[in-house]
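Hi everyone, thanks for making the time. I'd like to walk you through one model this morning, so please have the viewer open.

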Amino acid sequence: MAKPNTKAPSRSVNIYCSKCQHQLFKYKKGGKGALVKCFKERITKNFTTEEGTCPECATVFARDMLIRGTPAYKMIGGKVWFK
């Protein structure tokens with residue numbers, strides 16, 4: 001499979017925890033669909049201390065994976081929202 005596009009998309013979104021509404025990431029998202037995965041190279045600002053865990057409520061919101069050979073977070077459904 002092909003690697004993700006190296007040029008980051010222009011659209012920037014803020015990703016929040018669904019449980020406590022704490023901001024987790026500032027992310028360069030491509031496309032207009034749901035947030036399924038976050039490539040680590042596209043995260044512009046990271047507000048978490050532990051990978052895949054909310055610093056406020058300690059909810060696990062993502063799993064660390066390799067997607068198409070690139071490090072990424074695979075989001076758990078319903079644990080995060082973005083705007």
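Predicted model: local features only at pLDDT ≥ 70, side-chain atom pairs only at ≥ 80, totals over all residues.

**Rings, core and sheet**

Residues are numbered from 1 along each chain as its sequence is written, and side-chain values use heavy atoms, with hydrogens and water left out.

So, how many aromatic pairs does the structure hold? There are three, counting Phe, Tyr and Trp rings (the six-membered one for Trp) with centres within 6.5 Å; planes under 30 degrees apart are stacked, over 60 edge-to-face, and the rest tilted. F25 and F61 make an edge-to-face pair, 5.8 Å centre to centre with 70° between the planes. That pair links F25 in strand 2 with F61 in the loop between strand 4 (43–46) and strand 5, 36 residues apart. Strands here are DSSP E runs of at least two residues, numbered from the N terminus. F25 and Y73 have ring centres 5.5 Å apart and planes at 20°, so they are stacked. Ring pairs join F25, F61 and Y73 into a cluster.

Now the core. I mean buried Ala, Val, Leu, Ile, Met, Phe, Trp, Tyr and Cys residues joined through side-chain atoms within 4.5 Å. The largest nonpolar core has 18 residues, and I15, F25, Y27 and M75 touch the most other members. Strands 1 (12–17), 2 (23–28), 3 (37–39), 5 (62–67) and 6 (70–75) each give two or more residues to this core. Leaving aside neighbours within four places in sequence, M75 has contacts (heavy atoms within 4.5 Å) that include F25, C38, F61 and V80.

Three strands form an open sheet in the order 3-6-5, with antiparallel pairing; pairing takes at least two DSSP bridges between strands. Strands 3 and 5 are at the edges with a single partner strand each, so one side of each has no neighbour in the sheet. Six bridges join strand 5 to strand 6, and I67 stands opposite T70 in strand 6.

Last, the cysteines. C20 is partly exposed at 29% relative accessibility, whereas C38 is buried at 0%.

Key
Buried < 20%, exposed > 50% of the residue type's maximum accessible area, 1.4 Å probe, protein only. Helix = DSSP H or I, 4+ residues; strand = E, 2+ residues; numbered from the N terminus.
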